[in-house]
Amino acid sequence: MLSVSDAQALVQRLVEHSTASGADAADAIYAGGTSSSVEVRLRELEGVSRSEDQEVGLRVFIGQKSATVSSSELSRESLDELVRRALAMAAEAPEDPFAGLALEALLARGPFADLEAFDAVEPEPSDLRARALAAEEAALGVAGVTNSTGASASASSSGIALATSGGFVGGYRTSGFSCSAGVVAGEGGGMQRDSAWHSARHLDDLEAPDDLGRKAGERAVARLNPGRIESGPMPVLFDPRVASSLLGHLAGAINGASIARKSSFLQDKLGSLVFAPGVSIVDDPLRRRGLRSRPFDGEGVGVARQEIIADGVLQTWLADSAAARQLGIAPTGHAARGVGGSPSASPSNFYMAAGKRSREQLLAAFPHALLVTELIGMGVNGVTGDYSRGAAGFIVSGGEIGPAVQEITIAANLIEMFATLEPGSDLEFRRGVDAPTVLVPQMMVAAA
């Protein structure tokens with residue numbers, strides 16, 4: 001993997017070569033990384049792996065025509081060929097009136113803030129093995145756990161560099177550490193399985209392996225001896241493990257490309273009350289140690305913390321430059337890309353702000369409710385907002401979590417769900433997309 005400075009120099013040279021060879025505009029991105037992981041099962045080593053890779057992607061424009069190519073070969077001869085191939089492809093491409101780089105006035109300017117996204121610690125394979133074994137041992141130590149599906153620990157680092165013919169060049173490094181454990185509880189036909197995992201930018205922020213393992217074991221045991229639930233309308237609580245999926249549906253619905261295609265259930269809702277008053281949903285690319293933090297977006301556009309939903313009102317679409325031109329707005333700093341394709345809009349550290357009532361208060365808000373801890377399938381219509389998914393979880397009675405339930409379906413419409421949901425106060429930043437416990441006052445629940 002190249003250093004950040006060498007990677008920046010490489011993509012800058014590639015852009016300069018492209019424009020000197022006939023491109024009207026160009027941008028180039030470098031992505032490199034290393035990763036190590038160790039897997040164990042039943043206290044025995046299952047596998048050890050390490051990978052290293054690096055690629056560069058080049059996008060060139062000839063008028064309104066464009067082409068994108070990529071290569072893992074970084075020799076001068078290979079990059080010269082990459083430029084020739086990109087220009088030849090662009091010359092044959094159809095014209096796109098919305099194609100082009102981000103405006104220079106919108107490009108990020110350094111020096112960039114230190115987002116603490118990189119931890120130079122590189123654990124030895126023996127350290128990773130010890131962490132995985134500790135997680136599994138703690139999970140197996142939970143009464144009722146009868147088997148292991150395995151535990152793992154990993155460490156990675158990556159480097160990103162971007163240059164555009166508009167004058168932008170920038171780069172940064174990130175690191176990642178993770179641990180997971182999965183176990184089986186019970187015997188025979190009554191067996192249940194569950195897991196736990198955690199990822200962090202810094203090793204010191206990673207959940208202790210024994211805590212993570214116990215969580216996996218307790219989750220599996222709690223699912224034993226499932227009961228039955230009556231079909232019909234009822235309040236549904238989404239555990240934080242699955243509540244973040246609602247934000248994924250929101251992000252898809254407010255993606256500028258979907259809005260431009262008129263294929264979103266929130267098509268005409270900009271500036272309107274979409275959630276209940278008081279609900280806030282934020283995108284924060286500058287959060288220190290955030291799993292999706294970045295000092296600039298995939299087009300070099302400057303980024304900032306944005307309240308996407310403020311007091312229930314939808315404030316903005318998420319748009320890269322191409323979608324923004326279609327919509328007649330400015331890009332929003334949400335462009336994301338890999339080396340092999342054009343940018344598309346995606347949130348960074350995306351979260352629903354904590355509400356006023358605690359998880360316990362939400363659980364006790366109705367005499368009977370369903371707590372969902374697992375979602376299955378993808379029965380969501382992005383055009384209408386119709387929502388129907390397989391689920392598993394627990395019956396809640398009088399505020400107390402009771403027996404597990406499985407093989408059920410929950411259904412409603414996302415427009416109604418968004419308008420009535422209430423977030424709890426138990427928000428934790430553990431993923432790139434986070435939400436607290438979320439209460440939806442009414443959904444249709446169907447038992448198998």
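Reader: Which residue in E6 stands opposite Ser180?

Author: The model is predicted, so local features need pLDDT of at least 70 and side-chain atom pairs 80 or more, whereas totals for chains, interfaces and linings use all residues. Residues are numbered from 1 along each chain as its sequence is written, and side-chain values use heavy atoms, without hydrogens and water. Nine bridges join strand E5 (residues 169-185) to E6, and the two run antiparallel; strands pair if DSSP finds at least two bridges between them, a strand being a DSSP run (E) of at least two residues and a helix one (H or I) of at least four, numbered from the N terminus. The residue opposite Ser180 is Trp197.

Reader: Which strands stand at the edges of the sheet?

Author: The open sheet has six strands in the order E3-E2-E1-E4-E5-E6, with antiparallel pairing. Two of them have a single partner strand each, so one side of each is left without a neighbour in the sheet: E3 (65-71) and E6 (192-200).

Reader: How are the rings of Phe112 and Phe296 arranged: stacked, edge-to-face or tilted?

Author: Rings of Phe, Tyr and Trp (its six-membered ring) pair if their centres lie within 6.5 Å; planes under 30 degrees apart count as stacked, over 60 as edge-to-face and the rest as tilted. The centres of Phe112 and Phe296 are 5.4 Å apart and their planes are at 50 degrees, so the pair is tilted.

Reader: Is Phe296 buried or exposed?

Author: Buried means under 20% relative accessible area, exposed over 50% and partly exposed in between (1.4 Å probe, protein chains only). Phe296 has 3% relative accessibility, so Phe296 counts as buried.
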